[in-house]
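Colleague: I am new to this entry and would like to go through it one question at a time. Please show it first.

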Amino acid sequence: MMARWIFRIAGIYGLLVLVPLYFMESRLDPPPTHPEQYYGFLGVAVAWQLAYLVISTDPARYRLLMLPGIVSKVAWAGALAVLHAGGRVAADAFWIGQADWLLAALFAYAFWRSRPAAAAA
């Protein structure tokens, strides 16, 4: 039951954060130098939010999808940490992205908690 809420909240939160970015390209400073990468990233990220919502409908059935979900969160937060350490990303972007460490930990917890009953014993 907890896995349902973790993934439902993550999916809704992600959509609320990401979808407005489709309409903000012109407001970014500096603007993206490769808009195809900007929109490509957004498209993949939005698709993952939808996947989190699918996982929330039946965590036991979609349990293995939690693993790439964890990887996506760690990859994003880790990349921001490395880029920030090298002075290549602003502090506000770094701090906003750090929420993904928490989501990665919650996804790992949900993965562990939703293991089959025979494996849990």
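Colleague: Which residues does Gln49 touch, not counting residues up to four places away in sequence?

Modeller: This is a predicted model, in which local features need pLDDT of at least 70, side-chain atom pairs count only at pLDDT 80 or more, and totals for chains, interfaces and linings use all residues. Residues are numbered from 1 along each chain as its sequence is written, and side-chain values use heavy atoms, with hydrogens and water left out. Contact means heavy atoms within 4.5 Å. With residues up to four places away in sequence not counted, the residues that Gln49 touches are Ala10, Gly11, Gly14, Leu15, Leu18 and Lys73.

Colleague: Is Gln49 buried or exposed?

Modeller: Gln49 lies in helix H2; helices are DSSP runs of H or I, at least four residues, numbered from the N terminus. Buried means under 20% relative accessible area, exposed over 50% and partly exposed in between, with a 1.4 Å probe and protein chains only. Because its relative accessibility is 4%, Gln49 counts as buried.

Colleague: Which backbone oxygen does the side chain of Ser56 reach?

Modeller: Ser56 is also placed in helix H2, residues 35-57, and it counts as buried because its relative accessibility is 2%. Leaving out residues up to four places away in sequence, Ser56 touches Arg4, Phe7 and Arg8. At 2.6 Å, its side chain reaches the backbone oxygen of Leu53.

Colleague: Which residues is Ala110 in contact with, leaving aside its neighbours within four places in sequence?

Modeller: Ala110 is one of the core residues that touch the most other members. In general, nonpolar side chains in soluble globular proteins tend to be buried together. With neighbours within four places in sequence left aside, Ala110 is in contact with Ala3, Ile6, Phe7 and Met66.

Colleague: Is Ile9 buried or exposed?

Modeller: Ile9 has its place in helix H1, residues 2-18. Because its relative accessibility is 53%, Ile9 counts as exposed.

Terms used:
Helices (H or I, at least four residues) and strands (E, at least two) are DSSP runs, numbered from the N terminus. A polar contact is a pair of N or O atoms within 3.5 Å; within protein, one must be able to donate a hydrogen and the other to accept it, and residues adjacent in sequence count only if both atoms are side-chain atoms. A nonpolar core is a set of buried Ala, Val, Leu, Ile, Met, Phe, Trp, Tyr and Cys residues joined through side-chain atoms within 4.5 Å.
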